[in-house]
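Here is a short briefing on charged pairs and surface patches. Look at the structure, then read the points below.

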Amino acid sequence: MPNPTAAMLVIGDEILSGRTRDANMHYLAGELTTAGIDLREVRVVSDDRPAIIAAVQALSAGYAHVFTSGGIGPTHDDITADCIAAAFDTHIDVRDDARALLQAHYDRSGQELNAARLRMARIPDGATLIDNPVSTAPGFTIRNVHVMAGVPSVFQAMVASILPTLTGGAALISRTLRVMRGEGDIAGPLGQFAEGFPDLSVGSYPFQKDGIYGSNIVLRGADAAQLDLAMDRLQHMLDM
C-alpha cells in the first residue's frame with residue numbers, strides 16, 4: 001500500500017520578499033519522511049485572502065494531509081485562521097478552550113490577555129487544537145488541514161504534537177553514491193538502471209569541485225534490502 005501523501009502551504013509576504021528564510025519546509029520534509037508520509041508539493045503564498053483560500057481548497061482536495069505555516073499570530077496581517085474557515089465555509093470565533101489556555105499563560109507571565117492576543121484563540125468550528133508547548137497559543141486541525149505557526153521553534157513543537165496522531169506508512173531510506181563523472185557521461189546508464197528498479201526513486205544531483213564535475217546519485221525506497229542490492233548494481237555498472 002502506498003504511503004499517505006502530503007502538501008505544505010507556507011503563508012507570508014516575508015517569505016516571498018526574501019526578508020525571512022523559510023526553515024520549516026526542510027524540517028517538515030525530514031519528519032514526514034521518517035513518519036512514512038510522502039511530501040509531494042510545497043506552495044508559498046502571500047498574505048492574500050483569495051490566494052490562501054484557493055490554495056487550501058486545492059491542496060486539501062489533492063492530498064491526504066496539508067500542513068500550513070504562518071499567519072496565526074495576534075497582528076492584523078495574521079489572517080490564516082479566517083482564511084481556513086472560509087475555505088471550508090465554516091464559522092470562526094474565540095473558543096473557550098483556546099481562550100482558557102491563553103488566559104492561564106498570560107496570567108502566569110503577568111501580562112494582559114488583550115484583544116490582539118485573544119485573536120490567537122479564534123478557532124474554526126469543528127477543529128481540534130494542536131498543542132503548543134513553546135508559547136501556548138494553539139494551532140488547529142480541520143478536516144485534513146493542520147494549521148501551525150511560522151516561528152520555527154513553535155512550528156517544530158506543533159509538528160511533534162500532531163505527527164503521533166497521524167497514520168503513516170513505511171519510512172523512506174536513502175543511499176548515496178558519489179560519482180566523479182559528469183551527468184552527461186552517466187545519464188544513459190543511469191536511465192537504464194532506474195527502469196530496472198521501478199519501486200525506487202533514483203535522483204542525480206550534480207556538483208563541481210576544483211574544476212571537476214561529479215554527481216551524487218541518491219536512491220530512495222522503503223526496502224533496505226532492495227536498496228542495498230540496487231547500490232551494489234549501481235556501483236558495478238558505473239565502475240565498468
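Arginine 40 is exposed, at 54% relative accessible area (exposed means over 50%, buried under 20%, partly exposed in between, with a 1.4 Å probe and protein chains only). Its partner in a salt bridge is aspartate 38, with the closest N and O atoms 3.8 Å apart (a salt bridge is a side-chain nitrogen of Lys or Arg within 4 Å of a carboxyl oxygen of Asp or Glu). Aspartate 38 counts as buried, at 16% relative accessibility.

This is a predicted model, in which local features need pLDDT of at least 70 and side-chain atom pairs count only at pLDDT 80 or more, while totals for chains, interfaces and linings use all residues. Residues are numbered from 1 along each chain as its sequence is written, and side-chain values use heavy atoms, with hydrogens and water left out.

**Salt bridges**

- Side chains of opposite charge can pair when their charged atoms come close.
- The structure holds five salt bridges.
- Glutamate 41 and arginine 43 form one of them, at 2.6 Å from N to O.
- Glutamate 41 is partly exposed at 22% relative accessibility, and arginine 43 is partly exposed at 30%.
- Aspartate 82 pairs with arginine 122, and their closest N and O atoms are 2.8 Å apart.
- Aspartate 82 sits in helix 4 (residues 80-87) and arginine 122 in strand 5 (residues 122-124), so this pair ties together parts 40 residues apart in sequence.
- Helices (H or I, at least four residues) and strands (E, at least two) are DSSP runs, numbered from the N terminus.
- Aspartate 82 is partly exposed, at 21% relative accessibility.

**Surface patches**

- Patch residues have over 30% relative accessible area and no salt bridge; like charges are joined within 9 Å, and nonpolar side chains (Val, Leu, Ile, Met, Phe, Trp, Tyr) within 5 Å.
- Asp13, Glu14, Asp48 and Asp77 form a negative patch.
- Asp and Glu count as negative and Lys and Arg as positive, while His and the chain ends are not counted.
- A charge is placed at NZ of Lys, CZ of Arg, CG of Asp or CD of Glu.
- Where is aspartate 48? It lies in the loop between strand 2 (38-45) and helix 3 (49-62).
- Aspartate 48 is partly exposed, at 33% relative accessible area.
- Leu16, Met25, Val42 and Val44 make up a nonpolar surface patch, with about 310 Å² of accessible area together (by the Shrake-Rupley method, with a 1.4 Å probe; for residues, only the protein chains shown count as cover).
- Methionine 25 belongs to helix 2 (residues 24-35) and is partly exposed, at 38% relative accessible area.
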